[in-house]
Amino acid sequence: MIDNIKKLTKTKSFHICMIIIIIVVILFIVGMLVLRYHVEGETNMPFNLSKIAIISTQEGIDDGGTNTRWSFDVHQSNDIYLYIDKNDAYDKTEIIKSVRVDNFQIEAKNTDNIKLYKPNAEAENVIFQYKDEDIIQSLEYTGDVESDLKSLKISNQGGIIAFRCSNNYVTKYQSDEEEINHSELLKKAGIAEEDLKINLTFHLTITLESGKEYQAEIKTELPIGNVIEEGSTSTEITDLQDVVFKRIHN
């Protein structure tokens, strides 16, 4: 029996079978690692997305109409804030070069009315305005000593970036009332929730001075809560297990 086994192990076919088995095992292990990375992504990044804050509001912009006391174009806006924090468990020193949001994909009843805005650099009391020059297709914040939303700067050790996703010209509201409550414009105009629903998907990319680059896809449903009834709603999302970062460079 032992002699037969020794003879078998010396045959060419045996060696070929063993090589095939080894290759299959290696491919299986590599496949499992790739699958795990696809599901879990980077598990120890130098900087993490710690929170997404969203504020949904409604606002009437005077359209200059003169037939009634009040004449508004009503917009429904969603201000999105992304919090990038340093990972204290990361054992190397890294510096943020830039943080970018792009590759926006929008599903809505009327996508032509959906506009994305950067913070307005000149506005004094607000962060965003409905100005054509602030409309974006992508947005990049550069790393700096301190964060500054309006100057599109983020601290190179972590900070906040922000942009607005607005459903413009949802409706027009006209009235001769003495006073107007802007938080009730959508309700008074008879707007339904399905008229406002937006599915927004975009990429968040963190680029480091070392050349490392991490990217994740983020999906959101807007607006938050029942903005028609409440006028203004907000949320903070800290359960970000579905946001998977992968290294796309270096």
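Student: Where is Leu152 found?

Tutor: In this predicted model, Leu152 sits in the loop between β5, residues 139-144, and β6, residues 153-155.

Student: What is phi of Leu152 near?

Tutor: Phi of Leu152 is near 60°, which is a positive value in a residue other than glycine. Most residues other than glycine have a negative phi.

Student: Is Leu152 buried or exposed, and why?

Tutor: Leu152 counts as buried because its relative accessibility is 17%, and the cut-off for buried is under 20%.

Student: What about Tyr169, what is its phi?

Tutor: Tyr169 is not a glycine either, and its phi is positive at about 55°.

Student: Which element is Tyr169 in?

Tutor: Tyr169 belongs to strand β7, which covers residues 159-175.

Student: Changing topic to peptide bonds. Is the one from Leu222 to Pro223 cis or trans?

Tutor: That peptide bond, from Leu222 to Pro223, is cis, with omega near -5°. Most peptide bonds are trans.

Student: And where does Pro223 lie?

Tutor: Pro223 lies in the loop that runs between β9 and α5, the latter being residues 227-230.

Student: How many residues line the largest pocket, and which lie nearest its centre?

Tutor: The lining has 19 residues, and Glu217, Ile218, Lys219, Asp242 and Val243 are the ones nearest the centre of the largest pocket.

Student: Which strand gives the most to that lining?

Tutor: β9 gives the most, supplying seven residues to the lining of the largest pocket. Both β1, residues 47-62, and β9, residues 213-222, supply at least two residues each.

Student: How do the residues of that lining divide, nonpolar, polar and charged?

Tutor: In the lining of the largest pocket, nine residues are nonpolar, six are charged and four are polar.

Student: Which residues line the largest cavity?

Tutor: The lining of the largest cavity consists of Pro46, Phe47, Lys86, Asn87, Tyr90, Lys92 and Glu94.

Student: And what does that lining have by class?

Tutor: The lining of the largest cavity has three charged residues, three nonpolar and one polar.

Methods:
Residues are numbered from 1 along each chain as its sequence is written. This is a predicted model: local features need pLDDT of at least 70, side-chain atom pairs count only at pLDDT 80 or more; totals for chains, interfaces and linings use all residues. Side-chain values use heavy atoms; hydrogens and water are left out. On a 1 Å grid over the protein atoms alone, a cavity is a set of points where a 1.4 Å probe fits but cannot get out, and a pocket is an open set with protein on both sides within 12 Å along at least five of seven lines; lining residues have an atom within 4 Å of a point. Helices (H or I, at least four residues) and strands (E, at least two) are DSSP runs, numbered from the N terminus. Ala, Val, Leu, Ile, Met, Phe, Trp, Tyr, Cys and Pro count as nonpolar, Asp, Glu, Lys and Arg as charged, and the others, Gly among them, as polar. Buried means under 20% relative accessible area, exposed over 50%, partly exposed in between (1.4 Å probe, protein chains only).
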